[in-house]
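Open the model in your viewer and keep the selection panel at hand. The tour below goes stop by stop.

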Amino acid sequence: MAVAVQYYLLLSAAMFCIGLLGILTRRNALFLLMSVELMLNAANINLVAFSLQYGNLTGQVFSLFVTALAAAEVALGIGILLVLYRNFGDVDITKATTLRW
Amino acid sequence: MVATITAFAFEVAPAIAILPLASFVIALFAGKYLPKRGALAGIAATGGSLLLSLWVALTVAGGATYNEEIYSLVTTPNTFDLHFGLLLDPLSALMLVIVSLVSFLVHLFSLGYMNDEGEAGLPRYYAGLGLFSFSMLAFVFADNLFMSFVFFELVGLCSWLLIGHWYREDAPPSAAKKAFLVTRFGDYFFLVGVVAIFATFGTTVFAGPESFPTLAEEALAGSGGAGGGAGGLSTFGFGPGAWFTILGFLVLGGVIGKSAQFPLHTWLPDAMEGPTPVSALIHAATMVAAGVYLVARMYGFYALSPTTLAVIAFVGGFTALFAASMAVVKRDIKQVLAYSTISQYGYMMLGLGAGGYVAAVFHLMTHAFFKALLFLGAGAVIIAMHHRQDMWEMGGLKERLPIPYYAFLSGSLALAGIFPFAGFWSKDEILFEALVHGIGGSPLLLGGYLMGLTAVVFTGFYTFRMVLLTFHGEPRTHTARNPHDLGWSVKTPLAVLGILAATAGFVNMVPVGTILGLERIELLHGWLDHGISGLTVEHYGELTHDFAGYTTGALAGSEVLTVLLSAGISLALALAGAGLAWMLYSGPNPEAHTERLGDVRTLLMNNYYQDEYQVWIAETFGTGVARLSDRFDQSIVDGAVNGVSEVSLLSGDRIRRIQTGIVSNYATLLTLGLVVLLLTVGLAGGWFL
Amino acid sequence: MIVELLIGLCLLGSVVLFVAPSRYAGRLAAGWSLLPLALSLFMYAGFSGQGNAFLGGQLAYETTVQWVSLGPYTLNWHVGLDGISMPLIALSTVLTTAAILSAWTPIEDRENQFYGLVLFLEASLVGVFAALDFFVWFVFWEAVLVPMYFLIAIWGGPRRKYAAIKFFVYTNVASLVMFIGFFALIFGLGDSIGSLDMPAIAQALRAGELGSLAGVGPATLKTLAFAAMFAGFAVKVPVVPVHTWLPDAHVEAPTPVSVLLAGVLLKMGTYALLRFNFTMLADVAQRYAAIIALFAVVSVIYGALLALAQQDLKRIVAYSSVSSMGYVILGLVAYTVYGVGGATFQMLSHGLISGLLFACVGVIYNTTHTRMVDDMSGMAARMPVTTSMFVAGAFAYMGLPLTSGFLGEYFVFLGTFHADFPGAAWFTAIAMFGIVIVAGYLLYAMQRTLFGPFGVATDHGDGGAVRTDGGEDADSGAEHDIKRAAAHDVVPLAMLLALVIVLGVAPEISFGMIRDAVAPLLTGGAG
Amino acid sequence: MAVGSSVLPTPVLQTAPPVGDWVALAPVLLLGLTALVLFVIDSIDPDDASGGGALAGTAAVGTLLALVAAIALLVAGIGQGQGGALRLYGDQLVVDGMALFFTVIFTSVATLVIVASYDYLRDRVYQAEYYVLMLLATTGMALMASAGSLATVFISLELASLPSYALVAFLKDNRGSVEAGIKYFLIGALSSAIFAYGISLVYGATGQLGLEAIARSLSGGTQLVGILGVGVLMVAGGFAFKTASVPFHFWAPEAYEGAPAPVSAFLSSASKAAGFAVAIRVFAVAFSPQAVVASVDWTLAFWLLAAVTMTLGNFAAATQDKVKRMLAYSSVGHAGYVLIGLAALNSGQNGLVLGASMIHLLVYGFMNTGAFLFIALAEYWEVGRTFEDYNGLGTQAPIACVAMSVFMFSLAGLPIGGGFMSKYFILVGAVGTGHFLLAALLLINSALSLYYYSRVVRSLWFEEPADSLDIEGYPFGLYGAVVGAAVVTFLLLPGIFLVSDAAISAASALFV
């Protein structure tokens, strides 16, 4: 037991918030994807840390799933990004506002 | 055997009303296919009613009476019983004869007035007359106040129908509306009264030990006049005396409306827009009498309340004077008669209020005859004049229309109260009753007496002004020189009624009886003094004495002197009025003297602006308030409804602007939302403590 | 199963008409509507119920089949009739036939759909009056809105869409308010009931088995639920101040629909008030009787005053319905045989009379194409039979004796005047003044439109209204295109008028069973 | 469709026969298998000579089979009754009445949508991908309903979501579709990140991912209230995204409007139901102990969500110009109604309130799908998107318009369809649990919804058609789906008992 679990929690929270901040401020869709990755990995840190804390493997296994799904998500996201660029000529997500109100 | 026949007369008594109802149905549905468009059916029906009424009257004269329920509208145990029934006693028997007789004669007269003149809508006309006769007769023999109200309203409908008979013109429908509305206003109080009497006594039956007058009497007697308990009756928080007075006033509302008493008299002159036979039947002889008859019918109840009696007397006296003064200046023969009718019913009310039950019924009877006669006479004149009614266009008809003239004269003498015509006896008796009770301890009645006495002068004046202008002098127009011929159907009723107007007064010659000491000569008094106990003159006398404190006084302590003085004064005044008319309007070419009255004439011609102020009230409190309500309803009440919907849609439009289309904003709002949620739940769960 | 047969006949007719060709729809609908009419009269004649359906009376034509189980409650298909519902069902079938006949002339577009919707409406109305399970009842109650919405919005006047949506949303909100109030009671009753059977609920409530719900004690819960239900039903009745949908709906609806709207739909409100508020929560109703009576009296007088201010014949009759329904509320609150029974009788009577008047207005409108009082006069000369019916109907509305209108009002007055609540006599006396105002506006309207010299202002002419004045001769109407009404227009009028008079002369025909059903209501409310 | 015609018995009391895992999971397996078969077909015949017929047919058969299987299992009482739920694979999956009930919803909606898509997709490319994605998403939903641990919840939720993103953006050349896709994806990604983080926090507080294990661990209370609370609410946020509840709803109006109409139908009905299925299970099973609710009052959170969601959804729908967007917002509003079921949990009427929500979701599955499919029909006819464009359609296509009117009135809660019953069941639940404020809000919103739903009816029937209104053809698949949905919607009014008992007993079983 090298590091107390609350420090992991703080780290993950910080990562989560950084990712969230990225989502809130960035306009480039690619950066948004990265930010989401940060947030998901914040969750992974928690899972692994708590897994260690509780001494079961559930969390670690689940973090693998999360990682895999994150990859799939990004793949799909980039696909949609591509057609977005094709239609709007930009990857700035604030430009696509034909649908509103 | 006698008993069987007696019973049989009463068994068939409902037919008195049913026969005209049948004629109504026949005229309505088959009238246009019948030879006289329903007239014959009506004549047959009312003739039958007349015969049956006479039979009933004879049976009643034999001492029998009848008070039975015949049709139950609602059979509700343990609560108010709504039924139709028959109360056949001297009063109703007398009234049945009067009504069916006048109705019969009017039907006959209509043959000449309507059929021969080629009027349109005859089936409707005869249906109306039939329905009216049915309703009126049923009203007369009603054994309870509920039934009275039912038929009281129905005669109102008939009045509306018949006043508006010539509906293609503007005036008759308007007059019909006014007649119905004004009487409806009175009927409102009547309705409240009926309901309240039901609620108070649990019954509205007129006669018998369980009748409401009897119950009221017992309640008052039991509680010693005023205050305290009322024998188990609910008096709605008032003392029994006060409550019975209120009830009396409520019913009186209907009476005042129907009998055209001040201030609800304004409809009657307008009602002259109807055909003249209708005016004779409905607006003179019978329907208008319904109010007075109702008071007489439940006199046992009114006699318990001195306040009500005083008000009746005062209203009656005032109306008599007030209406008579307006009749003085009218040009239209029917208008004169209309105001005279109001005035005469004022006398009857005065009589009733003054404790002169017999006098009032007496005047009711004589008036029915002579006023029907006058109207029919006027009708005959109108036929002859090709439907012109302005007396100033007439004149000199005496020679050309002898039978109508003499009949009309007979009626006029009766109306003016000239000895020995019928009106003299009856009107004199009313004034006499007011006088003796007035000086006997109820000085308020003297006010009514004085007004009644003053009205006698006016009556004499306008009556003879009318006779003189119509029949005397030189014909003033071409039409008057060449009047229309009159048929037998016109003349016969005039003749019959002319004789009755002259002679009907002999049935109750009180002055003669008093002077000669012949009680038996007062036939009507005797007639009304038998029958069902509690509905007799003697009982009413006791009631007015015990509860209203009416005692008979006499001038100089002499009854005979009082009688003579009273009769003499009223006769003298009538003659004075007639003489004044003779002075002013006799001669071949009378002048219009009304101009000399100046502003008074304007006032009288405009009927003291009674119509104006009533219209003003109706406009202000009816239409005006209605308009305000409408505006309030549209703007505030409905505006609130529409406002809610508009606000909803507007806020909907605002809310959807949150969706800006920029996904970054969505992420921000999403995060904020989650934070708010976290804070709320966290605070609620106490995480931050 | 006979109630199901009745509802089924109407529904089947509705389906048949939807697929029938428009050309024959009118005749087919009229013919078909005779089936439910005959059946309901047959049921009426053979009616064997006794007592009040909600208070353990013996029901006629009862069926119970389990339908849905909703958590702790069972929903049953439970229908049955007592002396209150039977006359109202007969009223519905009679008025439906009358409405269908009076629709022949004015409805010239999509007839099959029109009549199909009318029959659907009939089915729903019968269902409302027959249902004894709350949810079944509520299904029918809400189902009424749908055909009505279409009937107003498709075949209505110029502002029909506004009127239809107003009617739709307003009454729907009301239903929801009522629903919430009612279910608060149901849950307040807790385990003492296991179904939504309204009689069971009524008896449980009257037996005082109400508990508390969500921290609200029984007494408060009862009062709040009463208020919610009263508010909900008041819209349907309608009671001032929630009445404003009614004139719009009436004015814009085609006349046959107005007949049904005024004739039956308004009665749903008072019927529900009687069944729910005044049966289930009799004690609350009695405690707040004076306030309810105040609403009633305001409706009577204010409604009548509003009618007085109107120029449109239909608006006049519409507002006068507000006024007349006020009498019904007043009677209900009295808790006397004549009060409650009279209120029920007044529902019947007003249904027939207002139906009659609307149908008359419709017949006149069919030929004049105006309903404005100022636009016509002397119609009597051209349309004598219609005029007669109008006059008779108007006088019945004014409460002329020997018509049902008189007895309905009279019973109510009689019943309320000596009722127990404070000021009953005063409320009654004030409400009675309505009979004067009603006479005022109806006589005024008749005088202006039916009588006087003939003339109609038409807006066909260019540049303003053209008034055509007719001569004296009744037969010269053709040149003004104002003709006597066709027989099929007059038949429904005559039918309704005959019933008005029959009920006015022999009220016992229906008052007998009404009284029998009302009597148990008056005794033994919950403490 | 098939639901209406089969009679579900009242709760089966005897223990269900023991069955193999594959039998219990038959619907899910069938759906997955169909997706794979579609892959195969597409590989063999990439151009699809039949114009999509084979693909659509296979997909429809697959969903229909899954539907039949689900119904059969439900009728057979698998996972219900005294034996309790079937727990598979170490409690990772649970098959019980609720799971099967929701599977019925998903498969019904999917069947309808696939049948309708046959016409909608005619002459478009990538049809096979479309059907595969839809089948995979349906599989994910069915798994969501059966998920027994937060791990399976997360995985199945992503399995349902990822294909949905692609489906929304399916019309690659349509700016609306693509824009909707990216918005949906971004919000979805954010939400799933929040969701995953929430799961990690719950795991941190309990050390468990299995739902029942969490409940066991929490039944004695926890020291880590704050961590648990944030975790629970973040998990709720994930579900709120899936159910399009405020404030996670922002994607919904855009996605439903921009996506191809059948996809909108699919997402707004099935996807929403899936979100609720998993939310109900997680909150009813894992977080229901009184100890949790006392400190982490998630019913309060759902109360707020319900109130805000229905109000915002309905008010925003009221003034829309485009019918599809109106339906999108109304879909948000309906999510608010259903949320009442969660908000009213633990008030003593769990079976009733949750059952009512489930019934509403089922009915909603038909009526809302039908409504969106009608939009698909209109898009097929190219009549336009606004209310005005629909004017007078009733004269041109009466049958479809009758169906649409049924949907609208049923959505509005009028007794023309099962929506009436289910909406009022929810109201009953709200009142019965003392949530009068929610009931009042429901009332206001319901009135407003009546207004805007009837605008559609008004356009269809009361307005005069524009001169240019001319529709070509009556596509069989679309018509069949629309009419079928209408018939079921209507039959669910009298036939509500066919599903209500199953729903309420399934909901009650969660708390045994």
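**Stop 1: chain B, overall**

Select chain B and colour by pLDDT: the average is 85, and 97% of the residues score at least 70. Now pick residues 224-230 of chain B, where the pLDDT is below 50. Beyond near neighbours in sequence, this stretch has 11 contacts in the model. Where pLDDT is low, the predicted coordinates should not be read in detail. Remember throughout that this is a predicted model.

Switch to cartoon. Chain B shows 29 helices and 2 strands. Its C-alpha trace spans about 115 × 65 × 55 Å along the principal axes. Chain B has 689 residues, and 61% of them count as buried. Next, look at contacts in chain B between residues at least 6 apart in sequence: 80% of these join residues at least 24 apart.

**Stop 2: where chain C meets chain B**

Show chains B and C together. How many residues of chain C are in contact with chain B? The count is 40 residues of chain C, against 41 residues of chain B. On the chain C side, select the elements that give two or more residues: α13 (289-308), α15 (337-368), α16 (379-382), α18 (404-417), α19 (424-432), α20 (434-450) and α22 (508-518) of chain C. Highlight α20(C), which gives the largest share of this side, 7 residues. Then colour the chain C side by class: 30 residues are nonpolar, 7 polar and 3 charged.

**Stop 3: the hairpin in chain C**

Stay on chain C and select residues 60-70, strand β1(C). Between the strands of the hairpin sit 2 residues. Click G71(C) there: its phi is positive, near 55°.

**Stop 4: a helix in chain D**

Move to chain D and select residues 350-381, helix α16(D). The helix has 32 residues. From first C-alpha to last, α16(D) reaches 45 Å, close to the 46 Å expected at 1.5 Å a residue. Where is the kink in α16(D) centred? Zoom in on Y364(D): the kink there is about 30°.

Is α16(D) mostly covered or mostly uncovered? Mostly covered: 31 of its 32 residues are buried. Finish on E382(D), which follows α16(D) and has a positive phi, near 55°.

Terms used:
Residues are numbered from 1 along each chain as its sequence is written. Chains are lettered from A and ligands numbered from 1 in the order in which they are written. This is a predicted model: local features need pLDDT of at least 70, side-chain atom pairs count only at pLDDT 80 or more; totals for chains, interfaces and linings use all residues. pLDDT is the predictor's confidence in each residue, from 0 to 100. Two residues are in contact if their C-beta atoms, placed from the backbone, lie within 7 Å. Helices (H or I, at least four residues) and strands (E, at least two) are DSSP runs, numbered from the N terminus. A residue is buried if 20 or more other C-beta atoms lie within 10 Å of its own, exposed if 12 or fewer, and partly exposed in between; C-beta atoms are placed from the backbone. Ala, Val, Leu, Ile, Met, Phe, Trp, Tyr, Cys and Pro count as nonpolar, Asp, Glu, Lys and Arg as charged, and the others, Gly among them, as polar. The expected span of a helix is 1.5 Å times one less than its number of residues. The bend at a residue is the angle between axes fitted to the seven residues ending there and the seven starting there. Two strands pair if DSSP finds at least two bridges between them.
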